[in-house]
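Hi everyone, thanks for making time this morning. Have the sequence and the model open while I talk, and let's walk through the fold together.

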Amino acid sequence: MTARSGSDSGVAKAGFMERALAEARAAAARGEVPIGAVVVKGGRVLASGSNRTRATSDPTAHAEIVAIRAACAAVGDERLPGCDLYVTLEPCAMCAAAISFARIRRLYYGAADPKGGGVEHGGRFYAQPTCHHAPEVYSGIGEVAAGELLRGFFRERR
């Protein structure tokens with residue numbers, strides 16, 4: 001699956017990504033890797049989340065999964081058809097699978113992750129024949145801000 005450029009993103013898309021970036025900043029303030037995610041349906045935010053792996057001692061508590069769990073609880077269903085997910089970093093393979101299983105319609109992400117990504121890099125989950133649902137993918141929305149946030153977070157820890 002080749003991601004489409006986010007260069008023609010609208011004001012709404014930028015606003016949803018800004019909300020995801022705010023979640024990422026909150027994660028950084030708690031000492032978590034600064035990644036944020038927002039689930040949107042019909043132009044309305046259903047749920048948002050940020051990394052909580054350290055706080056919950058849960059390696060699956062990535063921002064995408066936290067947001068998907070909250071959105072599923074909000075709608076009372078394990079699937080989120082017609083929903084879009086905004087996330088600050090290219091999802092890993094685990095999160096790409098969760099996005100697929102939740103039947104997310106569109107995935108918008110900020111910074112690419114050549115080392116740990118599972119969408120355009122690594123396992124390229126949506127390109128696998130075993131993938132039952134692949135969302136439309138749009139990359140590069142809020143890429144500069146997301147990348148700077150991540151680089152700054154790790155720079156401070158070195």
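Let me begin with a term: two strands pair if DSSP finds at least two bridges between them. Helices (H or I, at least four residues) and strands (E, at least two) are DSSP runs, numbered from the N terminus. With that in hand, S4 and S5 pair in the parallel sense, over 5 bridges.

Some housekeeping before we go on. This is a predicted model, where local features need pLDDT of at least 70 and side-chain atom pairs count only at pLDDT 80 or more, while totals for chains, interfaces and linings use all residues. Residues are numbered from 1 along each chain as its sequence is written, and side-chain values use heavy atoms, with hydrogens and water left out.

How confident is the predictor? pLDDT is its confidence in each residue, from 0 to 100. The chain average is 93, and 94% of the residues score at least 70. Over residues 5-9, however, the pLDDT is below 50, and this stretch has 5 contacts in the model beyond near neighbours in sequence. By contact I mean heavy atoms within 4.5 Å.

Now the strands. S2 (36-41) pairs with S3 in the antiparallel sense over 6 bridges. S2 and S3 make a hairpin with 2 residues between them, and Gly42 in the turn has a positive phi of about 60 degrees. Within that pairing, Val39 stands opposite Ala47 in S3. S2 also pairs with S4, again antiparallel, over 5 bridges, and there Val40 stands opposite Asp84.

In S2, 5 of the 6 residues are buried. S5 (106-111) also has 5 of its 6 residues buried, so the rest of the structure largely encloses it.

Next, please find helix H3, residues 63-75. H3 has 13 residues and reaches 18 Å from first C-alpha to last, close to the 18 Å expected at 1.5 Å a residue; that expected span is 1.5 Å times one less than the number of residues. Its buried residues are Ala63, Glu64, Ile65, Val66, Ala67, Ile68, Ala71 and Cys72. And what covers them? The cover includes S2, S3, S4 and helix H4 (93-101).

That brings us to the core. A nonpolar core here is a set of buried Ala, Val, Leu, Ile, Met, Phe, Trp, Tyr and Cys residues joined through side-chain atoms within 4.5 Å. The largest one has 44 residues, and Val39, Leu80, Leu107 and Tyr126 touch the most other members. H3 gives the largest share of this core, 6 residues. Take Val39 as an example: leaving out residues up to four places away in sequence, its contacts include Ala67, Ile68 and Ala71, along with Leu80 and Leu85.

Let's follow the chain out of H3. Just after the helix, Gly76 takes a positive phi of about 70 degrees. Asp77 sits in the loop between H3 and S4 and counts as partly exposed because its relative accessibility is 36%. Its side chain reaches the backbone nitrogen of Arg79 at 3.4 Å, a polar contact (a pair of N or O atoms within 3.5 Å; within protein, one must be able to donate a hydrogen and the other to accept it, and residues adjacent in sequence count only if both atoms are side-chain atoms).

Which residues have a positive phi although they are not glycine? Arg103 is one, at about 65 degrees, in the loop between H4 and S5. Arg124 is another, at about 45 degrees, in the loop between S5 and S6 (136-139). Arg124 is partly exposed because its relative accessibility is 42%. Its backbone oxygen lies 3.4 Å from a polar atom of the Gln128 side chain, and Gln128 is found in that loop between S5 and S6 too.

One last stop, in H4: Ser100. At 1% relative accessibility, Ser100 counts as buried. Setting aside neighbours within four places in sequence, Ser100 is in contact with Phe125, Tyr126, Cys131, His132 and His133. Thanks, everyone, and I'm happy to take questions.

Notes:
Buried < 20%, exposed > 50% of the residue type's maximum accessible area, 1.4 Å probe, protein only. pLDDT = per-residue confidence, 0-100.
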